Amino acid sequence: MLTKFRTLASLYRQLGLRWLIFRFAYAFRIRLGLIRLQMPAWRWMDRPLRIWLKKDIPSDPESYGIWRKQNSPPFFFRGANQPPKNNPWNSQLAVNEAERILLGELKYFAHEFQSTGFPPDWHKDPFTGIKLDSTKHWSQLSDEGEVDIKFIWEASRFSMVYTLARAYAYDQDERYANAFWELVASWAASNPPNTGPNWMDGQEAALRLMAWTFGLYAFLDSPSTLPDHIAQLTTLIAAHARRIYSNTDFAIFTRGNHSISEALGLWMTGLLFPELKDAEKYLSFGRMSLEREALQQIFPDGSYSMYSLNYHRFVLQMIFYAIKLAELNGAPFSESLYRVSSMSVDYMAQLIDPQTGQMPVYGSNDGALVLPLNSCDFTDYRPVLQLGSILTKGRRLFESGAWDEDIYWLCGLKSLNAEVDMPKQINQSYANGGVYILHNVHSKAVIRCTDFQERPSHADQLHLDLWWRGNNIACDAGTYLYSGDGIWRNGLAHTSVHNTVVVDSKDQMKMVSRFTWVDWAQGKVLQHDEKKWRGQHNGYTHLSDPVTYKRTVFVLDDDRWLVLDHLNGNQPHHYSLHWLFCDAEFGVQELAAAHKVLLTYSDSELSESRVNIQMGILDGESRFSVVRADPKSTRGWRSKYYGQKEPAISAMLETDQTQAVFWTFFGLENDSVEVKDDVLLVTAERWRRQINVAE
């Protein structure tokens with residue numbers, strides 16, 4: 001009881017009374033069946049198209065189909081948007097993927113193809129074979145249980161529509177148009193309104209709206225598109241908008257990306273389907289909500305309030321979609337929305353590796369990719385930054401490449417020839433988002449130190465990513481699964497898998513559910529200049545014997561780095577310094593006696609280099625271990641794609657002391673580190689340096 005009271009007190013302090021009251025009231029409404037009364041289940045035949053349309057709009061399919069083709073508001077394109085012959089991307093890749101869709105394979109989480117059949121079973125997890133009940137009202141179902149609900153929802157996001165549209169634009173194969181309409185009809189037959197798991201979440205409904213609308217415009221003039229198709233799809237869109245609008249408070253009180261996606265869905269429906277009775281209401285409410293939520297969630301420095309780069313990309317894709325669509329319809333959004341969007345582009349342009357498009361994977365990563373309008377890898381952020389730069393600055397960040405396909409689809413052919421202006425990557429401080437960047441000659445460190453203003457995503461204070469010649473040497477573990485079994489239930493959110501120090505095997509803060517932390521660990525930066533960064537967090541000052549933790553990062557010459565960790569308590573504690581390294585492409589060598597790991601990678605010039613990582617402690621005994629892909633724990637794993645994990649190298653140095661000073665050196669194979677009292681003597685090929693490690 002005392003623990004529950006403390007948890008509630010922490011939630012009250014950090015999220016506020018209104019949030020607590022809403023969450024309790026919403027759970028009460030679910031339990032008593034009040035949600036079912038507010039949004040009852042019904043059959044498609046009970047509410048035909050005429051129920052949704054304004055009085056002066058013809059409602060029989062034949063007449064409505066003609067009306068719709070003649071009165072469709074402006075979109076990014078209409079019909080077969082055939083790309084130019086000499087485009088910088090390979091359109092055949094979209095065709096190849098479309099053929100796999102027709103053969104019954106869908107790409108899950110923008111990465112892995114899975115056999116689902118065509119059309120798929122909309123209520124089945126194809127990885128486990130588990131099916132969810134499709135006969136109950138959505139409020140009677142739970143997203144907890146033996147199946148990760150995201151594996152059910154993924155097919156119903158209709159991401160395959162973008163691939164079918166891209167393939168159709170390339171070769172006008174009517175099989176792709178037919179496939180779109182067959183998928184829509186199959187989904188409608190299997191998912192009566194407000195019934196089954198695919199109606200559980202308003203954000204999922206909004207993402208379907210985006211995909212269906214894209215497909216409608218892509219195939220509107222296709223010979224395969226019949227009036228009945230158009231009438232049915234408009235009915236589906238109207239029902240989805242009603243579902244979103246009826247429960248928007250839940251999205252708003254989640255204080256995250258759900259509110260932005262649902263606002264976009266409503267605004268887009270009101271804008272592109274003015275014939276609906278509620279169009280004006282959706283348009284006004286959606287626009288107001290989209291601007292308000294975007295301005296609240298994107299911090300003043302351009303970082304994002306969910307502390308996740310993938311979720312940041314997620315909302316930016318929706319915002320960019322809305323910005324261009326509003327311009328095309330003569331009703332642009334405010335300058336404030338352009339400003340925060342532009343700042344987000346600037347922020348991410350400092351984090352991205354320009355050669356690969358990759359970013360750190362800190363924070364939650366559920367595999368969401370709203371606009372898969374290219375054939376780049378999921379980990380490549382160049383498409384969203386190229387699009388954002390065109391829309392907010394009028395120029396490209398990168399030279400021509402596969403990442404240009406997005407700007408072609410949304411901004412047209414002229415955008416492909418816009419000038420290129422990539423800002424120089426330099427040391428940066430993003431205090432709102434808790435991200436700090438230090439640069440060396442061919443390497444950079446990205447440090448997490450956050451004064452949380454919104455709900456933390458991971459317990460990752462003082463985590464450090466190290467990038468060296470295009471390789472993410474010291475990396476974040478990612479996410480893997482939200483609802484896995486046992487240790488894999490959002491298991492990579494814990495402190496123990498991050499590149500930081502764990503005290504007494506405890507998280508920096510307390511996890512009370514998959515997505516909720518209490519007693520937030522707060523970070524504070526003590527120093528940040530060209531060659532040195534220093535910060536601390538208070539996550540372990542709540543222990544019965546408080547422990548202070550400070551981390552110092554030194555930028556040494558010639559791409560060498562030194563990290564010091566100072567921990568101070570009044571009684572003995574178990575301290576564990578952990579580092580996670582990406583699995584070396586060419587080999588790993590452990591030198592346990594020297595507390596050293598040698599990793600062999602190819603650098604950006606395709607030559608091999610051996611990275612020397614050495615760990616030590618200033619005083620006292622310690623235990624050093626290296627693990628790769630431990631089958632019984634989360635140690636030695638990373639996940640770049642949702643639902644997939646891959647081996648990584650976990651190095652750990654442990655000690656039991658009252659106070660401890662850890663040091664970690666990153667250099668090349670023949671570099672060395674010696675400890676003399678409170679001094680580290682670092683020797684590289686061309687220099688030697690003494691560093692005093694005392695506080």
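This report describes a helix, the nonpolar cores, a surface patch and several salt bridges in a predicted model.

## Basis of the values

Because the model is predicted, local features need pLDDT of at least 70 and side-chain atom pairs count only at pLDDT 80 or more, while totals for chains, interfaces and linings use all residues. Residues are numbered from 1 along each chain as its sequence is written, and side-chain values use heavy atoms, with hydrogens and water left out.

## Helix 16 and its cover

Helix 16 covers residues 335-351; helices (H or I, at least four residues) and strands (E, at least two) are DSSP runs numbered from the N terminus. Its 17 residues should span 24 Å at 1.5 Å a residue, the expected span being 1.5 Å times one less than the number of residues, and the end C-alpha atoms, 25 Å apart, agree with that value.

Twelve of the 17 residues in helix 16 are buried, so the helix is mostly covered; buried means under 20% relative accessible area, exposed over 50%, and partly exposed in between, with a 1.4 Å probe and protein chains only. Among the buried residues are Leu337, Tyr338, Val340, Tyr347 and Met348. The cover over the buried residues of helix 16 includes helix 14 (279-297), helix 15 (309-328) and helix 17 (382-393), together with strand 3 (428-430), strand 4 (435-439) and strand 5 (443-448).

## Nonpolar cores

A nonpolar core is a set of buried Ala, Val, Leu, Ile, Met, Phe, Trp, Tyr and Cys residues joined through side-chain atoms within 4.5 Å. The largest such core has 213 residues, of which Phe158, Met210, Tyr321 and Phe581 touch the most other members. Helix 15 supplies the largest share of this core, with 13 residues. A second, separate core of 15 residues includes Leu562, Phe665, Leu680 and Val682.

Contact means heavy atoms within 4.5 Å. Leaving aside neighbours within four places in sequence, Met210 is in contact with Tyr162, Leu264, Met268, Met318, Tyr321, Val370 and Leu371.

## A nonpolar surface patch

On the surface, Phe28, Leu32, Leu34 and Leu37 form a nonpolar patch with about 420 Å² of accessible area together. Helix 2 (17-32) and helix 3 (34-38) are the elements that give two or more residues to this patch. Patch residues have over 30% relative accessible area and no salt bridge, with like charges joined within 9 Å and nonpolar side chains (Val, Leu, Ile, Met, Phe, Trp, Tyr) within 5 Å; the areas come from the Shrake-Rupley method with a 1.4 Å probe, and for residues only the protein chains shown count as cover.

## Salt bridges

The structure holds 33 salt bridges, each defined as a side-chain nitrogen of Lys or Arg within 4 Å of a carboxyl oxygen of Asp or Glu. In one of them, Lys150 pairs with Asp366, the closest N and O atoms being 3.4 Å apart. Lys150 lies in helix 7 and Asp366 in the loop between helix 16 and helix 17, so this pair ties together parts that are 216 residues apart in sequence. Lys150 is buried at a relative accessible area of 7%, and Asp366 is buried at 6%.

Arg382 forms a salt bridge with Asp380, with closest N and O atoms 2.7 Å apart, and both residues are buried. Asp421 forms a salt bridge with Arg395 at 3.1 Å between the closest N and O atoms; here Asp421 is partly exposed at 36% relative accessibility, and Arg395 is partly exposed at 26%. Salt bridges that share partners also join Asp143, Glu144, Arg489 and Arg514 into one network.
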